[in-house]
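Please open the model in a viewer and follow the stops below in order. Each stop names a selection and then describes what is found there.

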Amino acid sequence: MSVTRGLEGVVATTSSVSSIIESVLTYQGYDIDELAEHASFEEVIYLLWNGKLPNKVELKELADELANNAEIPQEVIEQMKAYPLDRVHPMGALRTAISSLGLYDEEADLMDEAANKRKALKLQAQVSTVVTAFSRIREGKEPVAPRTDLSFAANFLYMLTGEEPDEIAVDAFNKALVLHADHELNASTFTARVCVATLSDVYSGITAAIGALKGPLHGGANEQVMAMLTEIGDVENVEPYIRKALDNKQKIMGFGHRVYKNGDPRAKHLREMSKKLTSITGESKWYEMSVKIEEIVTNEKGLLPNVDFYSASVYHSLGIKHDLFTPIFAVSRMSGWLAHILEQYSNNRLIRPRAEYVGPNKRQYVRLEERN
Ligand code: ACO
C-alpha cells in the first residue's frame, strides 16, 4: 500500500458540477470570471443543479421558490434562542440548526429524486434565514422574516440588518456568493459526498459539510484573515508582523492552495471588490494592508492569496460581523454541496478508502486485574 497524504492529487470521483483545469475554475463549463461579472447567484444555483443556465421563466420560478421556502420552523428559532449565546460560534449554531431543520422536515428520510430536490431547495432557501436569525438572536433582537420580493443576496442583507441594502452592497454580496458557490472536490464537498454515499439523507450530508467548512484550513480561514488584519492594525505594522510570523513558521491565513499553485482565479475579483468597497467606506487601510501582506508572502514564500484572503476585507466593508464570514461562505457553498449530493445519489457507490496500519502488532491481551 502506498499512502497519499491528504489525498493530494487523488481523483476520487467523476463530476460535472465544476472543474479546475489549468487554474481555470468553471461551473458546468462556464468560466467563473464570466459568471462573476454577469450572473446572479440564483442563476448560478440553477446552473449547478440543472447543468444549464436558466431562461427568464426558469429563473423567475427558482427565485420565487427560494423566496417562498425561506421561512424556518418557529421551533428552530426557539432552539437557537436557547443556545449558549454568549459563547457559541455561528458556525456551530449553523451546523446544529441545519441538522435540526431535518427533524422538522417530514421528507427528511425520503430518498427519491424529487424529494431530494425539494429538500435541496428548502435548504438553500433556509440557510440565509438561519444565519441571519442566529445573528440577530444573539444580539437580543427578533429575527427578520424573509421577503419574497428581494433577490437572494438582497434578502440575506435585509434579514441581517432589517434594512433594505443599497445596490452597491447587493452587487458585491451577489458576486461573493457567485464566487464561493462551488469548487470541485474541496474538503467540505468531499465530506458531503462521503456522508451521502452511505445513502444517508441530505440534511446529514449538509451538516457534515458545514463541520468540514468550519476549520481554519478551509472556510474558517476568512475569519482568521480578518483577525490577523485587526491585530496588525495598520499598514506600517505589516512588514514586521508578517516577517516574524514567517520566521516562526506560522501559516498566513488566506494564502496557499492545495490545487492552485499559480493563483486562485477567484482572488482577483475579491481583490478588486476590496479596493472598491474599502475606498467607499473610507477604510482603505484594510485593502492596503492586504496588498502589502500579499507582496511579502508572495515574495518570501511564493504563495498566492486564495478566495478567503480578500473576502475578509470585502465582508468587513459590508458591515458584516467577522464571525459570520464563514457562515456566509456556507450560504453560498450550500448550492455546490447540494449539486454534488444530488450527483452522488444519481451514480452512487460507497466511498471507503483504506488506511495503512502503523500501530503495534500482535499484542497479548492482559486481564485488567493483572495490569499495572
Ligand atoms: N502560510 C505559510 N506557509 C504556508 C501556507 C501559508 N498560508 N500554506 C502553505 N504553506 C507552506 C507550508 O508550511 C508547507 O511548507 P513546508 O513544506 O516548508 O512544510 C508548504 O507551504 C506546503 O503546505 P501544505 O500545508 O502542506 O499544503 P497543503 O496543500 O496541504 O495545504 C492549505 C493547503 C491548507 C490551503 C494551506 O496552504 C494553508 O494552510 N493555508 C492557510 C489556510 C487557508 O487559507 N485556507 C483556505 C484555503 S481555500 C479554501 O479552503 C476555501
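Begin with the ligand: 18 residues surround it, and the closest are Ala-221, Lys-251, Phe-255, Gly-256 and Arg-258. A residue belongs to this surrounding shell if its C-beta atom, placed from the backbone, lies within 6 Å of the molecule. Coloured by class, the shell has 7 nonpolar, 7 polar and 4 charged residues. Here Ala, Val, Leu, Ile, Met, Phe, Trp, Tyr, Cys and Pro count as nonpolar, Asp, Glu, Lys and Arg as charged, and the others, Gly among them, as polar.

Two remarks on the model apply throughout. Residues are numbered from 1 along each chain as its sequence is written. The model is predicted: local features need pLDDT of at least 70, side-chain atom pairs count only at pLDDT 80 or more, and totals for chains, interfaces and linings use all residues.

**The annotated positions**

Next select His-257 and Asp-308, which an unreviewed UniProt entry lists under "active site". They are spread over 52 residues of sequence, yet they cluster in space, with a largest C-alpha distance of 10.6 Å. The UniProt positions follow the numbering used here, feature names are shortened, and annotations may be inferred rather than shown by experiment.

His-257 is found in the loop between α12 (235-247) and α13 (267-281). Helices (H or I, at least four residues) and strands (E, at least two) are DSSP runs, numbered from the N terminus. Is His-257 buried or partly exposed? His-257 counts as partly exposed because it has 18 C-beta neighbours inside 10 Å. A residue is buried if 20 or more other C-beta atoms lie within 10 Å of its own, exposed if 12 or fewer, and partly exposed in between, with C-beta atoms placed from the backbone. Leaving aside residues up to four places away in sequence, His-257 touches Asp-264 and Asn-306; contact requires C-beta atoms, placed from the backbone, within 7 Å.

Asp-308 lies in helix α15 (residues 307-317). Asp-308 counts as buried because 29 C-beta neighbours lie inside 10 Å. Beyond residues up to four places away in sequence, Asp-308 touches Ala-221, Asn-222, Val-225 and Gly-254.

**The nonpolar core**

Now display the largest nonpolar core, with 103 residues, in which Val-44, Phe-173 and Ile-206 touch the most other members. Helix α16 (residues 325-346) supplies the largest share of this core, 10 residues. Such a core is a set of buried Ala, Val, Leu, Ile, Met, Phe, Trp, Tyr and Cys residues joined through C-beta atoms within 7 Å. Centre the view on Val-44: not counting residues up to four places away in sequence, its contacts are Tyr-27, Leu-35, Ala-39, Val-178, Ala-181 and Ser-335.

**The sheet**

An open sheet is formed by 3 strands in the order β1-β2-β3, with antiparallel pairing. β1 and β3 (30-31) are the edge strands, each pairing on one side only. Strand β1 (residues 18-21) pairs with strand β2 (residues 24-27) over 4 bridges, and β2 pairs with β3 over 2 bridges; pairing requires at least two DSSP bridges between two strands. Ile-21 has Val-24 in β2 as its bridge partner. The hairpin of β1 and β2 has 2 residues between the strands, and Glu-22 takes a positive phi near 50 degrees there.

**A last stop**

Finally, select Thr-129 in helix α6 (residues 113-138). Thr-129 is buried, with 25 other C-beta atoms within 10 Å. Apart from residues up to four places away in sequence, Thr-129 touches Ala-70, Glu-71, Ile-72, Pro-146 and Met-159.

Notes. Two residues are in contact if their C-beta atoms, placed from the backbone, lie within 7 Å.
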